[in-house]
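Here is a short report on ring pairs, nonpolar cores and a surface patch. The structure comes first.

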Amino acid sequence: MHKTLYLKFLFAWVLFTVFGFIVVATFITRMTEEQVRGEESNNLYSEATLIANTYAADLYDSEMSLDSVQKQIKALGTFMQSDIYIVNPSGRLVVDSFENPDPERETYIENFSPSVIGDRNYAVDTFFGQYEDRHLTVLAPITGGYRIRGYVCITKPLTAINARVNNLLTISYLELVVLLLLSVIILIFFHRLVYAPLRKITTATEQYAAGNMKYRFTIDSEDEMGYLGASLNYMAGEISRQEDDQKKFIANVSHDFRSPLTSIRGFLGAMLDGTIPQELHEKYLKIVLRETDRLTKLTNGLLELNNLSTGGLLLNKTDFDINEAIRAVAASFEQTCRSRKVAIELVLTGEELLVTADRDRIEQVLYNLVDNAIKFSPSDSVVRIETTEKGNKVFTSVKDSGIGIPKADQSQIFDRFYKSDLSRGKDKTGTGLGLSIVREIIRAHGENINVVSTEGVGSEFIFTLPLSKENSDPNG
Ligand code: ADP
C-alpha cells in the first residue's frame, strides 16, 4: 500500500507547524515588541509632560525647592520603576531620581541632545552612556517664556519592558499550540473520510488487477467516496458475472460439440473396423449425417448469435404485412405438422397488418417460436398464432398446448444453450440457441418478448412490433 498521500498530508502539517513557529518567532515578536514599547513610551511621555508642567516648572520658577522636587521625583521614580532626570538644555543634570546630584559640583550628561528621540517619540539606547544595558527613554521639554528651559527624561530598563513582551509572546505561542492541536482534528477527519476509504479502494483495485473479481468491500459513507466504492463493487460484480457467463458459455459449447463428435467418431470407427457389419452401414451413416446436421445447426446458431450480440446486426427495416409473414412461416411447417399431427390455427387481425421491421429477421423469430411450439406439442393439438393491434404496437402471440415450461426455468429459457430438463426427453436435436436468437432480434428492434407458460398446460410467447405509420394513417 502506498503511504505517500498520508505522508504528504503529514508533511504539510509539519510544514504548517514549522512556519507557524517561525512567524510567531519573527513577525509576531517584532510586532509585540513595537506595540509594548509604543504603549510604554506613551505612558512615560505623559508622566514626563506632567512632571515638566508641575514639579520641573515650579523648580525653574523657584516656587519649589530643589530638595522637595528631588524627593517627589525620587518617589515617582520608585513608583514607576523608572529613572527620572531633569536636565538643562546644555546637558547639566539638575535632578536625578536615583541619587541627588552634588549641588557643589556640576554634573553633565555628555553629548546630551534631545534629537536622539526619533520619529517614534522614544529612544532605545544606553542614555548617552549612563547605563550599561539598554533603556527606553522619553523626553518632555520644560517650557517657559517661549523657550525651552530644560527637559524631563524618563528611562526604563528594557529588561522590565521585555518581561511584558515575553508574557504576551507566551500567549501567542500557546494560541499557536492550541491551533496546531485543533488542526490535528483535520488530520483525523482526513484519515477517516479520505485516507481509510481510499486505502480500501486501492486494496480492491489491486485484487481486481490480480484477477480476483469476487473481492467485495464496503465504504459506509454517502459522499463521493461511498459512490466510488459502490461503483467499483458494481463494476467488479458485472465483470465477474460476465466471466461466469463466458465460462458457462464455453462449457456449453464444448459439451454440445463433443457429444455429436463422439458419436460420429464411434460409428465411423466401428464401421471401419467391422464392428458394424456392411449391411447396417446405411442406417448408421444416416445417424452420422443427422449428427453432422446438428453440428452445422449449432455452428450456424453460434455465428448468428455472435453477429447479433456484437452489434453487427444491421436491420433492414421496411413496412411489411405481418399477417402475410405469419402465413408464409406457417406454410413452411406444413410437412412437419402433418407428420406430427399438429394443426396451426391463425387468428389474424385484419386482412393486412403493416409493421415496420426487418422482415427476414421477424420471419426467423416466427420460425423459431413455431418450431418450438410444434416440437413441444403432443399430437392432435393446435398451435395458435394470433396478431392484435394495441395503440401503435402489434402483439404477435404463438401459443401451444404442449408440455409447458416450469416456473423456475422461465427466466432462463432465453439464455444461450438453456434447455429445460422437461424438454430434454422430447427434443434431442435442440441447441438451446433458438430463443437467445429470438430475444436478440426483438431487442435489436427495441421491442419486447414475454413468455406465459404453465407446466403441463402449454406456453405462449408474445412479442411486440411497431405498427407502420401507413397503417395508422391510411391517407398518409
Ligand atoms: P432449442 O433449440 O433447444 O429449442 P430454444 O432456445 O429455442 O432452444 O429453447 C430453449 C428451451 O426452452 C427449450 O429447450 C425448452 O426447454 C424451452 N422451450 C422453448 N419453447 C418452448 C415451448 N413452446 N414449450 C415448452 N418449452 C419450451
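## Aromatic pairs

The count of aromatic pairs comes to 12. The model is predicted. The rings of Tyr6 and Tyr195 have centres 4.6 Å apart and planes at 35 degrees, so this pair is tilted. Tyr6 sits in helix α1 and Tyr195 in helix α3 (residues 158–209), so the pair ties together parts 189 residues apart in sequence. Tyr6 is partly exposed, at 24% relative accessible area. Tyr195 counts as buried, at 4%.

Tyr208 and Tyr215 also pair. Their ring centres lie 6.4 Å apart with planes at 75 degrees; edge-to-face needs over 60, so the pair qualifies. Tyr208 is buried, with 7% relative accessibility. Tyr215 is partly exposed, with a relative accessible area of 24%. Ring pairs also link Tyr85, Phe112, Phe127, Phe128 and Tyr151 into a cluster.

## Nonpolar cores

The largest nonpolar core has 43 residues. Ile322, Ile362, Leu369, Phe461 and Phe463 touch the most other members. Helix α8 (residues 359–375) gives the most to this core, with 7 residues.

Leaving out residues up to four places away in sequence, Ile322 touches Leu353, Val355, Ile362, Thr387, Val394, Thr396 and Leu465. Another core, of 27 residues, lies apart from the largest one; among its members are Ala56, Met80, Leu136 and Val138.

## Surface patch

Which residues form a nonpolar patch on the surface? They are Phe11, Val14, Leu15, Val18, Phe19 and Ile22, with about 560 Å² of accessible area together. Phe11 lies in helix α1 (residues 4–60). Its relative accessible area is 54%; exposed means over 50%, so Phe11 is exposed.

How values were computed:
Residues numbered from 1 in each chain as written. Predicted model: local features only at pLDDT ≥ 70, side-chain atom pairs only at ≥ 80, totals over all residues. Heavy atoms only, no water. Core = buried A, V, L, I, M, F, W, Y, C linked by side-chain atoms within 4.5 Å. Buried < 20%, exposed > 50% of the residue type's maximum accessible area, 1.4 Å probe, protein only. Helix = DSSP H or I, 4+ residues; strand = E, 2+ residues; numbered from the N terminus. Contact = heavy atoms within 4.5 Å. Patch = residues over 30% accessible without salt bridge, like charges linked within 9 Å, V, L, I, M, F, W, Y side chains within 5 Å. Areas by Shrake-Rupley, 256 points an atom, 1.4 Å probe, with all protein chains shown as cover. Salt bridge = Lys/Arg side-chain N within 4 Å of Asp/Glu carboxyl O. Phe/Tyr/Trp six-rings, centres within 6.5 Å; stacked < 30°, edge-to-face > 60°.
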